Amino acid sequence: SNSSSITTTLTKAAIDTVARAIYDDGGMPDVVILPTAGAGTLHTLMDTSSFVRIEQTNDMFGMRPITRVNTQFFANLDVLVSRHCPTQRAYVLDSSKVGFFDYRPFQSYDIAKAGDSDKREVVTEVSLLVANGALGHGYIVTTNATL
């Protein structure tokens with residue numbers, strides 16, 4: 001239920017809005033998951049901001065990727081760029097409330113040989129668990145083509 005709907009590209013205000021809503025509901029977000037276009041927008045936003053101090057050295061070409069974002073409510077939200085994230089959404093998560101549960105742990109089995117090669121199959125059964133789902137996490141969505 002924690003969301004920020006915007007009509008433009010990603011803004012710091014949108015991240016702050018979601019972080020505040022999560023905080024007000026008792027969550028402690030520590031990860032921002034962005035699509036690749038959103039990560040580019042965030043990098044441009046931070047590069048052109050008068051509030052960001054960047055120290056550059058002459059031993060590298062280009063800028064380092066942004067790895068953390070600060071809000072008024074949380075310091076050092078880790079930025080995770082995902083090519084599988086929908087292009088119009090960004091997710092803000094409390095990683096301590098997200099995880100996998102194994103019903104059957106990873107196991108490896110031999111399968112039929114074909115010629116000179118040995119073949120194996122890896123089998124597992126897992127489930128994604130999300131605690132405090134509606135309140136401990138949030139997302140940013142845009143009506144624009146990409147974040």
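Strands are DSSP runs of E with at least two residues, helices are runs of H or I with at least four, and both are numbered from the N terminus. This is a predicted model, in which local features need pLDDT of at least 70, side-chain atom pairs count only at pLDDT 80 or more, and totals for chains, interfaces and linings use all residues. Residues are numbered from 1 along each chain as its sequence is written, and side-chain values use heavy atoms, without hydrogens and water.

**Strand β2**
- β2 (residues 31-34) runs parallel to β4 (residues 77-81), joined by 4 bridges; strands pair if DSSP finds at least two bridges between them.
- With β5 (residues 89-93), β2 pairs in the antiparallel sense over 3 bridges, and Ile33 has Tyr91 as its partner there.
- Val31 and Ile33 on one side of β2, and Val32 and Leu34 on the other, are all buried (under 20% relative accessible area; exposed is over 50%, partly exposed in between; 1.4 Å probe, protein chains only).
- In a regular strand, side chains alternate between the two faces of the sheet.

**Helix α1**
- Buried residues of α1 include Ala14, Ile15 and Val18.

**Aromatic rings**
- The whole structure holds 1 aromatic pair (ring centres of Phe, Tyr or the six-membered ring of Trp within 6.5 Å; planes under 30 degrees apart are stacked, over 60 edge-to-face, the rest tilted).
- Phe101 and Tyr103 form this edge-to-face pair, 5.4 Å centre to centre with 80° between the planes.
- Phe101 is partly exposed at 41% relative accessible area, and Tyr103 is exposed at 56%.
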